[in-house]
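Here is a short tour for anyone meeting this structure for the first time. Take a look at it below, and then we'll walk through it piece by piece.

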Amino acid sequence: MQWIKWLRKNRTKVMAVVVILIMIAFIIPSVLDRLAKPKQGMGNFEVAVCFGNQKITQADLQRARNELTVLQQLMADRFLFSNQDLRNVLLGQLLFSGSEMAGVINASIKQMAGRAQFVISAKQIDDFFEQAQGKSEIMWLLLKKETQQAGIDVSLQTAGEYLNAIVPRLTDNQADAASVVA
């Protein structure tokens with residue numbers, strides 16, 4: 001009976017404490033989430049190490065993601081997928097596995113492997129692409145680094161000439177490279 005009197009006498013204090021506890025209960029999960037991932041979104045957070053001591057950071061991954069988006073806008077995925085060379089199709093599947101054409105291409109890779117009588121099963125092809133799924137940015141960074149080390153860098157002028165030649169063919173002369181890039 002006495003605690004009811006105390007509760008009536010101090011109800012504003014009790015309500016303030018209850019409201020503060022409820023606020024803390026709503027804030028704690030987000031604070032714990034931030035503490036669990038302290039450097040997320042920062043450019044200096046290391047993701048992987050490749051080619052000796054070179055580190056791949058979140059900023060590198062974001063830059064690679066942007067470059068792959070530009071390549072997709074330039075229809076590089078369609079170019080690689082439309083080519084009948086198995087190496088180009090495999091490269092397209094590694095770099096653009098999220099493309100709408102990726103499922104169809106996976107089936108055509110299996111057909112190409114069967115026609116060429118490669119000693120590889122459909123399960124091995126599926127396993128390979130499952131492991132590569134979601135890692136297209138890392139694949140792109142590794143490919144760029146490997147081409148630089150091999151001395152196969154292409155100047156911006158040469159790349160522009162290639163685009164001016166390829167994009168009209170891919171779009172049946174409905175668009176040029178400048179309009180696709182813009």
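## Starting at isoleucine 109

Let's begin with isoleucine 109, which touches Leu86, Val89, Leu90, Gln93, Ile125 and Phe129, leaving out residues up to four places away in sequence. Contact here means heavy atoms within 4.5 Å.

## About the model

Before going further, keep in mind that this is a predicted model: local features need pLDDT of at least 70, side-chain atom pairs count only at pLDDT 80 or more, and totals for chains, interfaces and linings use all residues. Residues are numbered from 1 along each chain as its sequence is written, and side-chain values use heavy atoms, with hydrogens and water left out.

## The chain as a whole

Ten helices and two strands make up the chain's list of elements, and along the sequence they follow the pattern α-α-β-β-α-α-α-α-α-α-α-α. Helices (H or I, at least four residues) and strands (E, at least two) are DSSP runs, numbered from the N terminus.

The chain has 182 residues, of which 23% count as buried. Buried means under 20% relative accessible area, exposed means over 50%, and partly exposed is in between (1.4 Å probe, protein chains only). Among contacts between residues at least 6 apart in sequence, 44% join residues at least 24 apart.

## Helix 5 and its partners

Helix 5 (residues 86-95) meets helix 7 (residues 122-132) with axes that come within 9 Å and cross at roughly 40°. Axes are lines fitted to C-alpha atoms, for helices over the stretch in contact, and angles run from 0 to 180 degrees between N-to-C directions. Leu90, Gln93 and Leu94 of helix 5 make the contact with Phe128, Phe129 and Ala132 of helix 7. Sorted by class, that's five nonpolar, one polar and no charged residues. (Ala, Val, Leu, Ile, Met, Phe, Trp, Tyr, Cys and Pro count as nonpolar, Asp, Glu, Lys and Arg as charged, and the others, Gly among them, as polar.)

Helix 5 also packs with helix 8, at an angle of about 125° and with the axes 8 Å apart. These two helices are therefore oblique to each other. On the helix 5 side you'll find Leu91, Leu94 and Leu95, and on the helix 8 side Ser136, Met139, Trp140 and Leu143. This contact divides into six nonpolar, one polar and no charged residues.

## Residues to look up

Setting aside neighbours within four places in sequence, glutamate 137 is in contact with Leu61, Ala64, Arg65 and Leu68.

Over in helix 3 (residues 58-73) sits aspartate 60, which at 17% relative accessibility is buried too. Aspartate 60 touches Lys55 and Leu141, again not counting residues up to four places away.

Notes. Parallel < 35°, antiparallel > 145°, perpendicular 65-115°, else oblique.
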